[in-house]
Every structure is written in C-alpha cells, then in structure tokens.
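Visitor: I would like to go through this model by question and answer. Please keep to what the coordinates show.

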2 protein chains.
Amino acid sequence: MRTVSEHGLEHLALGAAVLGTGGGGDPYVGKLLAQSAIRQHGPVNVVTVDELEDDALVVSSAMMGAPTVMVEKIPNGDEVIRAFKALEDYLGQPITHTTSAEAGGMNSTIPFAVAAALDIPLVDADMMGRAFPELQMCLPTLYGLSASPMAIADEKGNVAVIETIDNLWTERLARSVTVDMGCSAMIALYALTGAQVKESMIAGTLQLAESLGRSIESARREHRDPIDVVQSELGGVRLFEGKVADVNRHTQAGFARGECQLAGRDAGKDTSLVLRFQNEHLIAIRDGEVVATVPDLIMVLETETGAPVTTEELRYGFRVTVVAAPCDPRWRTDEGLAVVGPRYFGYDIDYVPVEEITRAKSS
Amino acid sequence: MRTVSEHGLEHLALGAAVLGTGGGGDPYVGKLLAQSAIRQHGPVNVVTVDELEDDALVVSSAMMGAPTVMVEKIPNGDEVIRAFKALEDYLGQPITHTTSAEAGGMNSTIPFAVAAALDIPLVDADMMGRAFPELQMCLPTLYGLSASPMAIADEKGNVAVIETIDNLWTERLARSVTVDMGCSAMIALYALTGAQVKESMIAGTLQLAESLGRSIESARREHRDPIDVVQSELGGVRLFEGKVADVNRHTQAGFARGECQLAGRDAGKDTSLVLRFQNEHLIAIRDGEVVATVPDLIMVLETETGAPVTTEELRYGFRVTVVAAPCDPRWRTDEGLAVVGPRYFGYDIDYVPVEEITRAKSS
C-alpha cells in the first residue's frame, strides 16, 4: 500500500491521459477534481491487486458520456458519490474498495475523489489498459462477469440503478440515461470480488500512468524528446508526425464521433494520416493504408511537449505525433476482438497487431 | 372489501377501456393477462380507499410505452412482477397493496395480475380518472408526491430503478429506457402511504369501470343504445357520429402519435371531426372548431356496440361515435392544467370545460 496526496496526481493524470488514446476525459479537470477531494478529505491509500483480499467488494467509479460535452459540463464531484452510494444501497453490503474502469485523464483520477470522499482504499488496476467508449468493453466481460447492477447519477440529483441480462444491455440502457442526463453522467459499475479483480483486471495501471507522466516530465526538463519516452515505455511505434489539417467532429448518441486529417512531409513528399474516433481513436490510415486499429492504442501527442491530445481538443494547426502501442494480449484473442475489434466498430478490416503491420512495412 | 374472480373482469376491462380515452392499453389482452393470473393464483381482494390503513404502502403497477407496439409485443406477466419486486427491494420494506396508475384496458387489469401473483390486496382507485400518456400526469404530482423511486422491467429480464428530482425527470428517464426495451415495458411507481392515497388519488375507478361495462353490456342485450349509457354515466356529450375517413399514425419516442379524420352528415351537410392523439385523444376539432380538449375525456366508441376503440385500433371505415365527458375537477385547476392542459401538449389553445363549449354552441 502507498499513500497518494494532492501532488502525487500531477504525473498520474498526464500519463493516464496518454493511455486514454484520445478519450478517458480531460486530465486537467480530472486532476483538479481528485486534488480538491484529497484536500478536503485527506490522502488516498492505494493498494495493489496482490494486496487485495479475495472477499473484498470492489466497484469502479467513472464518468460516462461524450467528452465534447464533459469539457463544458464539469462535474462537481457529488454525482459520482451519489452513484457509488446508490449502488452500495442496492447491493445491500458495504463496498470495500474502488478502482478505475479505464485509463484516462478523468477516469484514472475520479476514483481518487471517490476513495478520498468515502475513505476507502483505491485498487491500482483498470479494466481496459487504455480507454474504450462503451461499458461492456472491459476485460471482466471476457470472464463472464457482470457490469451490472450499475448506478448512474447526474449533477441535478437524478439517479438510476440498472440490472441487465448482459453487459451490452448495461451499455445500452446507461447510454440512453446518459443522453437524457445531458450527455455526461457519473457511474459506479462492475461490482467484483477481490478474487475476480485478480483474475480479470489489469494490475498496476495507476503506477504505469504515474511513471509514464513522470518520464514525460523529466524528458521535457532535460530537453530530451518526450515522445521517445512514451514509445519506449509502451513498446510502441511512431506512426506519423505532422499538423492537424482538418477535424470533423459531432456529438451523437452520447459519443463524440469524427475524423481527424493530419498532413506531413516525408522524404520530400506530402503524406497524410486519417484518424477515426468514437471518444477514443479507433483506426489510423496512413496514405490510404491502415497502420493501426483498435484494440491497439493509438495516441496523439503534442510533438514538442509529448502532452496527450484528447479527441475533443484536436484543432486545426496542432503539431502532433501519433504513436501506436500494443494492447493487453487478452484483447487480441477472438473473444476480445469480438468485443473491441475493428469489426465491432463497423470497419470491414481484420485486426493485425500494430507491431506486425510495422514489421511488414519495414521489410 | 370484495373479491374479484376471473369472470368479474369482463365488464371491468370494457368499462376501463372507455375511460382510457383511446389509450391505457387493449382491454382484451389486459383481461386475459389478469384472468390467467387469477386462474393460477386465486381471486383478488379489492379494498376501497376508505378501508385502507393510513400506514399502508401502496404501489401502482402499469404498462408503459406505445400502444401500437403493445398490441404486437404482448407481455407474459412476469415483467410487471419483476418491476414490482425490484421496487420493493429498493424501498427495503414490504409493499402492502397495489393499485392502478390510470384507467385503461390494460392499466386497470394489470394490477389484478400483480395482486393475484403476489397475494396482496388491490386498492380500488387510480391517479388520473382516465388515461394520460406520461408518468408525471398523475394527481399525486399536484400534491407534491413523488413518482420515484420507480422500477421498470422488460420481458428479457432487464430491470432499472430510477430515482429523480421530480416527476418530469421520472418520465424522461423511464421513457428512454422504455424505448430501449422495445417501446413497451412494465413499471411499478408512486409508492404512497395509505394516507397519501386517500388524499391524492381518485377512489372507486374500478367500480366505475365495472358498472360502465355492465351497463354497456345490458344495453346491448336489451337493444338500447349503449352510447346513451356511456353519456349518462359519465355526464358527457356526444360530439360526433360518422366514419373514420383517414388515420395518420406513427410510433415516435415511445408514443403512438397521430391524427384521425372522421366524416359525417348533419342536417344534409358534410361534417368532419379531427382527433389528435398521443396514445390518448388530446383534442377534438369539429368543422374547424375545437369542441373538446385534454384533460376532459374524449372517447371514441363503435356506434353500434358502444365498444371503446383505442387509438392504435382506429381504421378506415370504422363507424364511430365520439363522446366527451368532464375530467376530475382537480385537473381543471391552474396547477392541473399546467400538467395536462392543451398547452402542455403543444396546442396554443385555452382549456374550456367541455360542458361550457357545448352550452355556448347550443345557446
């Protein structure tokens, strides 16, 4: 166990937003929310997955909705507590720990706010090893574990508890409620035992995010290339360097969907990269060829600072570098690809691991 | 207290569908559902509002959605029990009675199925004195009583419990969930004490429905005009007699919305009546003049048999008589009209009680 105080969140929010692959929420807002809770209630005890008792009751706390809305409709911090308490009441037993559903600027920091406010420890883990746009896209789904009962709350005081026949139905009902709540809401979901957490989640995501953030920060200070750092820590490849030439984005059915066009120069020739996204980056197409797809991580970073750029922040003229990195191996199985592969998102493309695409291109 | 067995539901379903003003569900399906539950579990004890203990816990059970869908997606009877039990669990105390949210072919009979299956008494009352399309359109809303927590369930096994800041929000969230569930779902809502039921609900609606159904049946048998019976029992007026000339209907946002054109002859001249509906009939326009609006009851009856015609059943060529009757006086207050008056439904019309319109026209 370690204790995380207000200042410990700086690097973590930065690194988590890199892992968020364009989604997972704004790291600045997320950091402020968690810091404010820690200032008010005291520091947070973070436990590793190994330290968890098998009979612990662990619930993920997260934000749900369209990031385009979230940056303007900033949570006040009470919504997530309301969702958490509603689920605890529904379960009829005390929730012993909280954890993260995904890695992301907000979704890695919100659980700190919950842990601080409710004085419960936070488990250093997440269910994706990145961010994905839908609730069923969590590794526990592959283990037959249920996302529901889940609770959802808004800033006005509305709450719903949903219990469904499968995790796709959880997503479906929660998404409609999220849209009604103003396209962003706070949720508590995947009530798992400690044993189930150990079996199905990814351990150490917070530690990874913090280390990544710290390395980016050091590189900046020491005038090294921060993008090299991201690439080497995540075993990734550079896909592209260039300027944002166009962004086409719309908020639809509770998601931010769209396409971003990047323009660059390589060996004296004009080159292009197209990114398609649904909250997170789903696919990268370089000069007409697919060079990375979900579930691999596609990360857009400011070329100069290595700062992650979320999909809702993308703007004409930004100078960015796109890095891709391998996802958790469980997402690469047939069962995993059925949940988060390119075909689930409507692309008629077979998934090929990013390192294989790169190897094929360079040979 | 009286006991209602299988056969006692024949007249009740017929009369309730008249009071349903075009909505409230199909009386045939409603009757079968309740009769099947009574056959399986035994007769239902019906108590009057006066017999109710002040500390009773009374919950309404109902169907929610678009009647156009409900006639094809027939409930199996388990959904409403699931909703009822989910709300009971959420409340954390036993529900002692069920009752009707509204009068209607299904919504007056479904509570019999719940009462039979759960072996609890049914309170002879409803919250509208008719049917209305939205959840907040219940008299308890005028008393500041809450529709939520409410539970909603589908035939697949999905359940949600919703707790909102006001009854409009209950409607909003429950409507979205209903649409996801396939445009029809079963609900349990308005958990009220016996004292609150006495204060805010309409007593004796089941008795009224049964008596109305019995009178229509007697009139048919004795070759009297069954429409005279409806008119005199409800203190109503005949608005129109004619044939259905056109029906324009669409299922939208969980409602059946549309318009029905009737054509008739009066004193050697062609006459017309236009009915606009949202599940229930909202407004009647005769030869270009508004002759009745919500919250007054606008009932379409088969001219020959007096059988109520629901909005989803309206078809070209049907010979019908339209009768309007006064609503509960509480709906005619400013507070009532804000909830169910013509302006709430988007019509730029002042509400005038149907008997005043008739008096003005005949003078």
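The turns below treat the chain contact, a helix pair and a set of strands in this predicted model.

Visitor: What is the bridge partner of A:Ile162 in β8(B)?
Guide: Strand β8 (residues 159-163) of chain A pairs with β8(B) in the antiparallel sense, over 5 bridges. Within this pairing, A:Ile162 is bridged to B:Ala160.

Visitor: What kind of axis relates chain B to chain A?
Guide: Chain B is superposed on chain A by a rotation of 180° with 0.0 Å of shift along the axis, at an RMSD of 0.0 Å. That relation is therefore the one given by a two-fold axis.

Visitor: Which residue of chain B comes closest to the rotation axis?
Guide: The same surface serves both copies, as 100% of the contact residues of chain B recur in chain A. By C-alpha position, the residue of chain B that comes closest to the axis, at 2.5 Å, is B:Val161.

Visitor: Are α4(B) and α5(B) roughly parallel or roughly perpendicular?
Guide: The axes of helix α4 (residues 78-91) and helix α5 (residues 110-118) of chain B come within 10 Å and cross at roughly 70°. An angle from 65 to 115 degrees counts as roughly perpendicular. The two helices α4(B) and α5(B) are therefore roughly perpendicular.

Visitor: Which residues of α4(B) make the contact with α5(B)?
Guide: The crossing of the two helices is right-handed. The residues of their contact divide into 8 nonpolar, no polar and no charged. From α5(B) come B:Ile110, B:Ala113, B:Val114, B:Ala117 and B:Leu118, and from α4(B) come B:Val80, B:Ile81 and B:Phe84.

Visitor: Which residue in the hairpin of β11(A) and β12(A) takes a positive phi?
Guide: Strands β11(A) and β12 (residues 255-266) of chain A pair in the antiparallel sense over 9 bridges, and A:Gln252 has A:Phe255 as its bridge partner. The hairpin has 2 residues between the strands, and the positive phi, near 50°, belongs to A:Ala253.

How values were computed:
Residues are numbered from 1 along each chain as its sequence is written. Chains are lettered from A and ligands numbered from 1 in the order in which they are written. This is a predicted model: local features need pLDDT of at least 70, side-chain atom pairs count only at pLDDT 80 or more; totals for chains, interfaces and linings use all residues. Two strands pair if DSSP finds at least two bridges between them. Helices (H or I, at least four residues) and strands (E, at least two) are DSSP runs, numbered from the N terminus. Copies are superposed by least squares on the C-alpha atoms of residues with pLDDT of at least 70 in both. Two residues are in contact if their C-beta atoms, placed from the backbone, lie within 7 Å. Axes are lines fitted to C-alpha atoms, for helices over the stretch in contact, and angles run from 0 to 180 degrees between N-to-C directions. Angles under 35 degrees count as roughly parallel, over 145 as roughly antiparallel, 65 to 115 as roughly perpendicular and the rest as oblique. A crossing is left-handed if the near helix is turned anticlockwise from the far one by less than a right angle, and right-handed if clockwise. Ala, Val, Leu, Ile, Met, Phe, Trp, Tyr, Cys and Pro count as nonpolar, Asp, Glu, Lys and Arg as charged, and the others, Gly among them, as polar.
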